[in-house]
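Here are my notes on this model, point by point. Please read them with the structure open.

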Amino acid sequence: MLPRSIALFIVLSTALIAAEPVSMDHRLAELRKSPLELYAFLYKMPKGADLHNHLSGAIYAEHFLTAAIEEHLCIDKAALALTTCGPGMVDAATIQTDNALRNALIDTFSMRNFVVGKQSGHDHFFDTFDKFGAAGSGNLIADVAQRAADQNESYLELMALSGGGAISTIGKTVGLTGDLDATRKQLDAAGLGKQVTALSARVDQMEQTRLSKLGCQQGSASPACKLKIGYVYQVLREFPKEQVFAQVIAGFAAAAADPRIVAVNFVQPEDGYNSMHDYHLHMQMVDYTHGIYPNVHITLHAGELAPGLVPPEGLLFHIREAIDVGHAERIGHGVDVMYEKDPIALMKQMRDRHVLVEINLTSNDGILGVKGDQHPLPVYRKHGVPVALSTDDEGVSRSQMTEEFQRAVLTYNLSYTDLKEMVRNSIEYSFAPGASYWKDRKYTAVATPCVAGRKTASCQTYLEKNDKARLGADLEERFATFERNSN
């Protein structure tokens with residue numbers, strides 16, 4: 001029989017061990033065995049920012065259909081598309097009693113139930129945008145914000161502005177010569193500045209709509225109302241080159257004038273004729289305009305390609321040129337990195353220059369058929385390139401941010417520590433204005449004004465002046481709350 005003192009020591013020691021919090025890495029490892037429980041865990045986990053999110057593609061088909069009814073639109077049953085009303089068109093309200101039509105439209109507007117056959121996932125995905133385009137996406141921004149806030153996201157960078165319409169028309173009228181400077185002056189003389197002002201008015205409208213629909217009165221503390229949004233301007237690169245140049249000039253000018261417009265990006269299929277044929281010219285346009293507006297942030301879709309989609313030589317240079325010529329601070333997708341010339345040197349350059357890759361797992365699978373060990377996410381991480389998970393087009397893909405994290409954990413055996421680094425990256429590499437909460441990107445020490453604590457006067461002043469620092473500090477508080485409640 002053990003002495004009473006030793007027995008008491010064993011009992012107390014056992015109690016202390018039992019009370020010791022389980023590490024978050026261990027917790028996630030256990031949850032990996034149960035995908036449903038893993039999803040619930042990840043849904044509550046702080047996710048920081050979604051840095052690659054197209055507003056129109058983020059809206060679920062059901063919400064577009066509701067908007068179509070409210071906006072008194074019609075349906076072209078032959079094309080399964082929303083349209084203005086006219087002869088032969090069916091009132092959108094018909095879907096309230098015709099469930100077969102409603103389901104067909106949802107499938108056409110998204111990747112739901114899609115099976116590769118005569119049409120590829122790539123083509124079906126990009127075709128959806130013409131199907132629901134008649135309904136205004138700007139009026140549905142509140143739905144996207146609410147979904148993000150519900151999943152414990154704190155910041156969105158939404159690609160919600162574009163250079164189509166009047167801006168491209170001015171570019172078509174002016175044309176394009178070999179003298180970009182002379183062309184820019186002609187664009188200004190043709191009234192491009194008026195269209196730049198209109199972009200800010202568009203942001204005003206979207207913000208007012210979002211705040212009104214979410215019920216965000218003065219001082220509202222709801223997560224959806226507190227969610228910060230930065231707007232990204234999209235250059236439509238499948239347009240003729242003279243129109244692309246007008247879009248580039250307008251986008252940079254708008255971002256320089258309005259701090260809510262946080263960056264410029266290029267969109268539309270990267271394998272399209274103009275996208276491929278004019279790629280180098282497009283990067284030269286960005287290079288030229290960057291010289292005029294050096295403080296405007298640049299994130300570029302580059303390497304959203306895969307073998308077979310384009311000839312082998314088409315895979316060799318997009319990411320590198322986006323960085324070297326286009327001054328990209330972030331790369332969207334970057335799927336074909338290992339097919340570029342000297343990919344190891346390229347990734348070393350990305351690591352050293354702190355060029356983050358916006359990773360879109362569900363989208364890359366649906367559009368390109370790239371998934372699992374064919375996806376470069378583990379390779380980027382192996383070579384120290386910063387990455388962050390994002391959604392791309394969650395409405396079209398029928399996904400959301402939590403599912404991107406779930407997919408990453410289950411596919412690549414990521415730890416909680418890995419996820420936390422990605423989430424911190426999403427805020428650190430965001431284009432939210434101001435300095436960082438962190439001293440460096442190792443996330444081991446906070447900025448000097450906050451060393452003595454977040455509640456100190458120096459830190460509070462610092463956070464008030466720097467949106468990025470405030471988002472970073474808020475993220476750490478969210479992590480602390482989540483981790484405390486998870487034990």
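1. First, a term. A charge sits over a ring if NZ of Lys or CZ of Arg is within 6 Å of the ring centre and within 35 degrees of the ring normal. Arginine 330 meets this with phenylalanine 431: it lies over the ring face, at 4.1 Å from the ring centre. Lysine 420 has its charged end over the ring of phenylalanine 479, 4.9 Å from the centre.

2. Ground rules. This is a predicted model, where local features need pLDDT of at least 70, side-chain atom pairs count only at pLDDT 80 or more, and totals for chains, interfaces and linings use all residues. Residues are numbered from 1 along each chain as its sequence is written, and side-chain values use heavy atoms, with hydrogens and water left out.

3. Confidence. pLDDT is the predictor's confidence in each residue, from 0 to 100. The chain has a mean pLDDT of 94, and 95% of its residues reach 70 or more. Residues 8-20 are the stretch to flag: pLDDT there is below 50. Beyond near neighbours in sequence, this stretch has 1 contact in the model, where contact means heavy atoms within 4.5 Å.

4. The core. Buried means under 20% relative accessible area, exposed over 50%, and partly exposed in between (1.4 Å probe, protein chains only). A nonpolar core is a set of buried Ala, Val, Leu, Ile, Met, Phe, Trp, Tyr and Cys residues joined through side-chain atoms within 4.5 Å. The largest one here has 144 residues. Leu42, Met45, Tyr233, Ile319, Ile331, Met350 and Tyr380 have the most contacts inside it. Helix 13 (residues 241-257) gives the largest share of this core, 10 residues. Helices (H or I, at least four residues) and strands (E, at least two) are DSSP runs, numbered from the N terminus. In soluble globular proteins, nonpolar side chains tend to be buried together.

5. Methionine 45. What does methionine 45 touch, not counting residues up to four places away in sequence? The list is Gln151, Asn152, Phe405, Tyr416, Leu419, Val423, Phe479 and Phe482. Several of these names return in other points.

6. Aromatic pairs. Rings of Phe, Tyr and Trp (its six-membered ring) pair if their centres lie within 6.5 Å; planes under 30 degrees apart count as stacked, over 60 as edge-to-face and the rest as tilted. The whole structure holds 14 such pairs. Phenylalanine 125 and phenylalanine 126 make an edge-to-face pair, at 5.2 Å centre to centre and 80° between the planes. Phenylalanine 125 is buried at 2% relative accessibility, while phenylalanine 126 is partly exposed at 21%. The rings of tyrosine 416 and phenylalanine 482 are stacked, because their planes are at 25° with centres 6.4 Å apart. This pair links distant parts of the chain, 66 residues apart: tyrosine 416 is in helix 22 (residues 416-428) and phenylalanine 482 in helix 24 (residues 467-485). Tyrosine 416 is buried at 3%, and phenylalanine 482 is buried at 8%. One aromatic cluster is formed by Phe64, Phe109, Phe125, Phe126, Phe129 and Phe132.

7. Helix 15. This helix (residues 279-292) has 14 residues and reaches 21 Å from first C-alpha to last. That is close to the expected 20 Å, the expected span being 1.5 Å times one less than the number of residues. Its buried residues are Tyr279, His282, Met283, Met285, Val286, Tyr288, Thr289 and His290. They pack against several elements, including helix 13, strand 7 (261-267) and helix 16 (318-324).

8. Lysine 241. This residue is in helix 13 and is partly exposed at 41%. Leaving aside neighbours within four places in sequence, lysine 241 is in contact with Leu176, Asp278, Leu281 and Met285. Its C-alpha is 10.0 Å from that of tyrosine 279, 38 residues apart along the chain.

9. Backbone check. Most residues other than glycine have a negative phi, and most peptide bonds are trans. Which phi value does asparagine 152 have? It is positive, near 65°. Asparagine 152 is in the loop between helix 8 (141-150) and strand 5 (153-162) and is buried at 17%. Tyrosine 443 also has a positive phi, near 60°. Tyrosine 443 lies in the loop between helix 22 and helix 23 (457-465) and is buried at 8%.
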